[in-house]
Amino acid sequence: LYNVFYTIGRVLERLVKPKFYSFLLQTKVQTSTRMDNSENIYRLADTTYRDVDELIANLRSLAGIARNLCKAMEDVIPIAEEFTDVLDSIGSKASNLPGGVRKLGDSLKEMAKGHRSINSAYTNWIASINTDLVIPLEDKLSREQSDQIRDWKHYKNECSKKENLVEKSNSKLKALRKKKITSENQEKEAQICQILADQQSDLHSTRVEGLRKALIDQQKMYSFLVYHLCGVTHSQITYNALAHRTLSTKVAEWSSLTNNYEELPQESIALLKNPHDPEAFNRESDHKNAVDLNTQTKQEQNEITAADIRRMQLETAPDIAQGRKRRISCRVKAMFPHNAKENGQLAFKPGDLIDAISEEREGWQFGTNASTK
């Protein structure tokens with residue numbers, strides 16, 4: 001019918017009232033183009049509303065799965081705590097045993113302490129899934145779905161009403177064109193064409209506004225999901241960072257204790273030599289560590305320098321020159337061998353008796369080997 005109308009308009013444009021029929025021609029072309037675009041916009045808006053409706057259903061499913069995930073993760077917490085407690089108990093027992101396993105026990109206790117901190121961060125991560133995702137999502141969906149259904153129905157109803165008005169105007173225009181062409185009918189046709197153009201423009205605006213709102217709703221829903229997932233991800237990053245920071249700095253040290261697991265450490269060797277006093281080596285180690293901390297070293301190996309030896313020799317020289325014997329301050333038994341590396345140092349082997357003839361100064365003493373006199 002539009003093509004017939006277009007052809008008649010072209011003929012009449014050249015024969016009768018060119019301006020009027022030119023107007024009808026332009027109206028037909030503009031209306032046809034606008035209606036094609038409007039139909040595309042309506043279909044796109046309808047597709048967008050359907051996508052949002054499907055997204056809401058998927059988000060409701062996601063919220064339910066996330067809640068189940070939290071519950072499953074919470075069930076792990078007591079098991080993880082039990083694991084940590086048993087690990088700490090094993091470490092505490094090993095720390096009180098004589099021999100080389102004491103350091104391994106200390107490592108187990110440090111591991112248990114680290115895992116306990118990680119378990120706390122794990123609990124916070126679970127809480128974040130609930131507070132940052134599940135609860136906001138469920139609250140949002142309870143309101144959004146009803147609003148979405150209402151907006152979609154309102155949009156379709158408005159479009160339907162305005163489509164009916166356009167159809168009525170088209171029917172009037174068709175009926176009028178079947179009548180005899182008169183001056184009065186031509187004026188009515190022009191009026192109806194103008195009304196039809198206005199109605200189609202209004203329908204087009206309604207469809208555009210509906211599409212705009214649908215796109216905004218779609219953007220809001222996806223943005224809401226991404227925003228709250230970022231909160232959960234931040235908590236997960238904190239949890240993983242704490243685990244890395246807590247364990248990575250120590251794992252190399254712990255692992256080094258197991259490098260030569262078939263060889264006995266010094267603590268165990270000392271225990272074999274002196275089983276009646278299992279704490280002897282530990283006391284010796286503690287004393288050595290205390291001496292090392294109090295000694296002001298001048299070399300990396302904490303060795304006494306030649307200047308120190310010379311100074312202490314000068315202090316004892318007067319007594320030696322006058323033939324006086326220095327007072328023995330104490331007698332000790334050597335547990336380990338020592339080879340003299342420079343003049344002024346005393347060589348001894350395990351079991352030798354050492355008489356100290358000077359007061360301790362800066363972690364060093366003068367003495368004589370009573371076993372080799």
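Colleague: What percentage of the 373 residues of the protein count as buried?

Modeller: The model is predicted. In it, 32% of the 373 residues count as buried. The cut-off for that label is under 20% relative accessible area.

Colleague: Why is Leu97 called partly exposed?

Modeller: Its relative accessible area is 38%. Buried needs under 20%, exposed needs over 50%. Leu97 is therefore in between: partly exposed. Its place is in the loop between helix 2 (18-95) and helix 3 (101-177).

Colleague: Which residues make a nonpolar surface patch with Leu97?

Modeller: Val101, Leu104 and Leu257. The patch has about 280 Å². Patch residues need over 30% relative accessible area.

Colleague: What makes up the largest nonpolar core?

Modeller: It has 26 residues. Leu59, Tyr122, Trp125, Ile129, Leu137 and Met221 have the most contacts inside it. Helix 2, helix 3 and helix 4 (183-256) each supply at least two of its residues. Helix 3 gives the largest share, 10 residues.

Colleague: Which residues is Leu59 in contact with, leaving aside neighbours within four places in sequence?

Modeller: Leu137, Leu141, Met221 and Leu225. Contact here requires heavy atoms within 4.5 Å.

Colleague: What does the second, separate core include?

Modeller: Cys159, Leu173, Ile192 and Cys193 are among its 16 residues.

Colleague: How many helices and strands does the protein have?

Modeller: Seven helices and three strands. From the N terminus on, the order is α-α-α-α-α-α-α-β-β-β.

Notes. Residues numbered from 1 in each chain as written. Predicted model: local features only at pLDDT ≥ 70, side-chain atom pairs only at ≥ 80, totals over all residues. Heavy atoms only, no water. Patch = residues over 30% accessible without salt bridge, like charges linked within 9 Å, V, L, I, M, F, W, Y side chains within 5 Å. Areas by Shrake-Rupley, 256 points an atom, 1.4 Å probe, with all protein chains shown as cover. Salt bridge = Lys/Arg side-chain N within 4 Å of Asp/Glu carboxyl O. Helix = DSSP H or I, 4+ residues; strand = E, 2+ residues; numbered from the N terminus. Buried < 20%, exposed > 50% of the residue type's maximum accessible area, 1.4 Å probe, protein only. Core = buried A, V, L, I, M, F, W, Y, C linked by side-chain atoms within 4.5 Å.
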